[in-house]
Amino acid sequence: MFCGSSSAAALAIGILWALGAAAAHADATESLRDDAQRDVAFDHPPQRIITLLPSLTETVCAIGACDRLVATDRYSQWPPQVRSLPKAGGLDDAEVELIVALKPDLVLVSRSQRITDRLAALGIPSFALQTDRYGDIAHTVATIGAILGLKQEAGRLNESIAAGVDRIGAQALLRRHGAEPSVYFEVDRAPYAAGAASFIGELLTRLGARNIVGADLGAFPKLNPEYVVRYNPDVIFISPKDAPALAERPGWDQIRAVKEHRLCSFSSEVDDTIVRPGPRVADGMRAIDDCLARVAP
Amino acid sequence: MSAPPTFLGLSVPGIESRSSSRMLLWLAVCLTITMLLTGASLIVGTSSIETSLGWLFAPDAQSSIILWQIRLPRTVGAWFAGALLGLAGAVAQGVFRNRLADPYLLGTASGAALGVTISLLAADTSIAGLAWAGKLGVTAAACIGACAAIALTIMLSRGVLQTANLLLAGIVVAFLLSAVTSLLLLTKPEIWRTMQVFLLGSTGYLSWTSACLLGAVFLICFVPAALLARGLDALSLGEDTAQSLGLSLPMLRLALLGVLSLATATAVGQVGIVGFVGLVAPHLVRETVSVNHRQLLIGAPLCGGALLQAADLVSRWIIRPAELPVGAVTACVGGAYLVFLLWRKSRDE
């Protein structure tokens with residue numbers, strides 16, 4: 001009888017312990033919805049991460065988890081320590097075999113990547129994050145912080161990014177005394193422009209510049225070249241390769257920015273901070289502002 | 001006895017006067033359409049038509065630049081590029097005795113695309129041997145690439161005598177060069193956007209210099225082509241018949257392929273790869289008037305020029321102030337026209 005009672009008590013304790021452990025385990029599992037509208041569950045913070053977008057690589061490192069990266073996409077070159085990591089392809093040609101071989105517990109991707117379905121079929125967890133606008137940066141940082149169990153670090157990073165952007169914007173507006181230089185930002189010689197609706201356009205607006213390509217034309221419209229002649233910008237942002245031949249385009253030698261040589265060109269390293277919506281947004285904004293301060297009328 | 005009818009100093013003997021009159025009427029209509037399109041091109045752009053009309057009658061410094069330095073050379077250049085493609089299409093269809101032949105049959109488009117890709121890649125490279133290619137620019141690189149592709153095609157087909165060999169070599173070269181272009185693009189995907197614009201054609205940066213160059217090359221190609229028109233007529237009866245008429249077939253083919261190559265390479269270099277104009281222009285002439293090759297070689301350039309001018313107008317009007325690639329417009333219109341031809345043929349059968 002005694003023996004039977006103690007067995008029953010032990011069984012009850014065992015069941016209670018098991019239930020408790022299961023409950024604790026359930027508490028530790030966090031489910032987050034990614035930007036592809038999929039619910040992804042995490043029972044522990046991932047320790048082997050692959051990023052397939054430079055801005056995601058930069059974000060992971062900026063919140064202090066660079067040592068958890070086991071590979072990145074081929075375009076991720078910052079911070080310098082990621083250059084030595086294996087490169088798992090590009091945006092649309094990720095090397096699935098390499099990814100599988102590295103046994104990651106999370107692959108961070110962009111929403112548009114076809115790789116998501118392929119990884120799901122292979123049982124590799126992935127999480128899609130779309131970062132197109134300035135407003136998306138804070139969301140991306142906070143989400144990656146939550147996934148990696150680094151919410152406080154992510155919060156601090158977001159505060160630092162916002163403070164940097166606000167400070168540079170305020171200084172630029174103060175320096176210009178209300179003057180708004182008109183600007184044209186060329187992303188390709190076709191010509192494709194960065195419109196006011198693009199991430200680059202948002203940075204220009206924050207710096208008090210007036211983009212000649214309005215938001216109604218879309219983020220990166222292919223313009224009729226006469227549009228730039230007609231709107232005669234004060235400053236042109238253009239790649240260093242294309243800048244020397246700008247005056248050879250029909251009618252462009254009469255544009256104020258070309259005549260007065262008010263051109264801004266950046267090295268590819270600086271260009272990365274301008275075109276990638278990520279934690280280095282303030283650096284990109286400062287590069288634009290420095291050039292505007294130098295050449296704008 | 002009346003003299004045979006003439007146009008541009010070219011007599012058209014052997015053609016009934018009614019047919020010649022119809023051809024002259026057709027040419028007059030084509031020229032009128034070209035004039036109207038040229039006029040329209042001055043008022044179609046990023047501004048509204050009212051604003052553009054205001055600029056015409058009361059121009060200031062800026063509007064003068066837009067009208068006379070941007071819009072007019074653009075439409076004149078587009079006309080000459082279309083004319084070159086029309087001429088090249090007529091020559092290609094005559095040489096290959098196939099009405100589905102187009103100017104890109106000898107691999108010119110793929111060669112031009114490879115030339116542009118190498119030039120874009122070389123612009124960023126530190127390899128000294130490739131630096132010269134980077135300095136060429138898109139226009140010269142496309143032209144050199146197109147010429148190299150034609151040379152490769154002729155080499156592979158061991159001359160110009162065998163039509164089937166030429167066609168086969170052209171297809172092989174086109175596939176081969178396209179594959180090399182794709183492989184090179186994989187190494188630097190960021191040049192895709194520039195390549196896309198080239199592959200879909202663009203008239204956006206045509207200047208007076210480009211228009212003059214296109215015009216000069218058009219004259220250089222048109223005169224020998226017109227002089228060789230009788231040879232094309234003879235060739236259309238079969239190679240044996242042409243030889244029995246005393247024609248030197250190798251010389252005739254070589255000269256005509258020279259015209260075809262120069263016309264296509266120049267047009268591709270200036271406006272990128274614009275599809276269907278070279279294929280459709282000769283068809284449009286044959287559909288509306290009964291012609292021999294001399295008349296076709298006059299009609300197809302006029303028709304091609306007007307076609308590309310119209311496509312240019314549509315491309316800059318439809319989503320202004322942004323613009324569509326002109327090659328996408330010609331592909332839509334040309335494709336629809338060919339579908340119509342097929343539908344009509346099947347209906348008639």
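Helices, of at least four residues, and strands, of at least two, are DSSP runs numbered from the N terminus. On that basis chain A of this predicted model has 11 helices and 11 strands. Of its 297 residues, 43% count as buried, and among the contacts in chain A with a separation of 6 or more, 53% are accounted for by residues 24 or more positions apart.

Within chain A, helix H5 (residues 134-148) and helix H6 (residues 151-176) pack with their axes 7 Å apart, at an angle of about 165°. Because angles over 145 degrees count as roughly antiparallel, H5(A) is roughly antiparallel to H6(A), and the crossing in which H5(A) passes H6(A) is right-handed. The residues that make this contact are set out by helix below.

| Helix | Residues in the contact |
|---|---|
| H5(A) | Ile137(A), Ala138(A), Val141(A), Ala142(A), Ile144(A), Gly145(A), Ala146(A) |
| H6(A) | Lys151(A), Glu153(A), Ala154(A), Leu157(A), Asn158(A), Ile161(A) |

Between the chains, 24 residues of chain B are in contact with 21 residues of chain A. On the side of chain B that touches chain A, the elements giving two or more residues are helix H3 (61-95) and helix H7 (192-200) of chain B, and the largest share, seven residues, comes from H3(B). The residues of that side of chain B comprise 10 nonpolar, nine polar and five charged.

Methods:
Residues are numbered from 1 along each chain as its sequence is written. Chains are lettered from A and ligands numbered from 1 in the order in which they are written. This is a predicted model: local features need pLDDT of at least 70, side-chain atom pairs count only at pLDDT 80 or more; totals for chains, interfaces and linings use all residues. Two residues are in contact if their C-beta atoms, placed from the backbone, lie within 7 Å. Ala, Val, Leu, Ile, Met, Phe, Trp, Tyr, Cys and Pro count as nonpolar, Asp, Glu, Lys and Arg as charged, and the others, Gly among them, as polar. Axes are lines fitted to C-alpha atoms, for helices over the stretch in contact, and angles run from 0 to 180 degrees between N-to-C directions. Angles under 35 degrees count as roughly parallel, over 145 as roughly antiparallel, 65 to 115 as roughly perpendicular and the rest as oblique. A crossing is left-handed if the near helix is turned anticlockwise from the far one by less than a right angle, and right-handed if clockwise. A residue is buried if 20 or more other C-beta atoms lie within 10 Å of its own, exposed if 12 or fewer, and partly exposed in between; C-beta atoms are placed from the backbone.
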